[in-house]
Amino acid sequence: MQPKFTIEIKNVVASGDLKQQLDLDTILKFSQGAAYRPQEFPGIIYRLKKPKTSVLIFNSGKIICTGAKSEKEAKKAIIKIVETLKQNGLLIVNQPKIDIQNVVATGELSGKIDLEKTAFILEKTIYEPDQFPALIYKMEKPEVSALLFASGKIVCAGAKNEEEAKHAITFLFENLSRKGAISHETLKTEELIEPQLIPV
């Protein structure tokens with residue numbers, strides 16, 4: 001039986017650049033819930049509730065969004081910040097060019113991965129179970145890194161869009177399943193039988 005798996009986007013990091021200087025002290029005055037400690041970090045940390053993300057604002061005009069669950073959410077968060085700046089009297093000359101920097105996704109498999117066998121099947125892997133429980137795999141196309149755990153979980157990072165992340169995880173599951181590195185766990189026969197009441 002072919003193991004089933006699910007893919008979930010965990011984090012999308014996006015960046016935008018207004019290409020102008022921003023006065024962070026002024027922005028802080030109308031940014032409720034924002035934090036700015038220049039001696040510790042050079043930017044404002046702004047937490048949005050909708051979409052639920054964290055946005056970093058730098059005086060260079062760069063804006064970085066983390067914690068989004070989709071590319072759409074990440075772009076929406078940056079646009080929302082820019083609109084907030086405008087509404088509070090800041091002269092914003094340019095619309096930011098928004099780029100997706102990183103997509104992190106996970107795959108959950110209803111089975112287990114034989115990591116030792118996987119290390120022989122895939123090229124460019126690092127597997128040292130005494131030091132780290134996962135196998136590290138560097139994929140070339142798309143250019144992503146993946147952590148494979150014996151439990152059947154895969155964590156993929158470095159993708160430039162959601163499709164790349166999904167493609168990478170799907171490729172790994174299908175390739176390893178085809179080559180016998182994934183075992184599908186099923187319940188034992190006795191576990192499937194409903195217990196019978198024994199008369200006393």
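Biologist: Into which domains is the protein chain divided?

Modeller: This is a predicted model, in which local features need pLDDT of at least 70, side-chain atom pairs count only at pLDDT 80 or more, and totals for chains, interfaces and linings use all residues. Residues are numbered from 1 along each chain as its sequence is written, and side-chain values use heavy atoms, with hydrogens and water left out. Domain bounds come from an automatic or database domain assignment. The chain is divided into domain 1 (14-100) and domain 2 (103-182).

Biologist: Which residues have the most contacts inside the largest nonpolar core?

Modeller: A nonpolar core is a set of buried (under 20% relative accessible area, 1.4 Å probe, protein chains only) Ala, Val, Leu, Ile, Met, Phe, Trp, Tyr and Cys residues joined through side-chain atoms within 4.5 Å. The largest has 48 residues, and those with the most contacts inside it are Leu22, Val55, Ile57 and Leu148.

Biologist: Is the pair of Phe5 and Phe173 stacked, edge-to-face or tilted?

Modeller: Rings of Phe, Tyr and Trp (its six-membered ring) pair if their centres lie within 6.5 Å; planes under 30 degrees apart count as stacked, over 60 as edge-to-face and the rest as tilted. By this rule there are two aromatic pairs. The ring centres of Phe5 and Phe173 are 4.4 Å apart with planes at 35°, so the pair is tilted.

Biologist: Is Phe173 buried or exposed?

Modeller: Exposed means over 50% relative accessible area, and partly exposed lies between buried and exposed. Phe5 is partly exposed at 28%. Phe173 has a relative accessible area of 2%, so Phe173 is buried.
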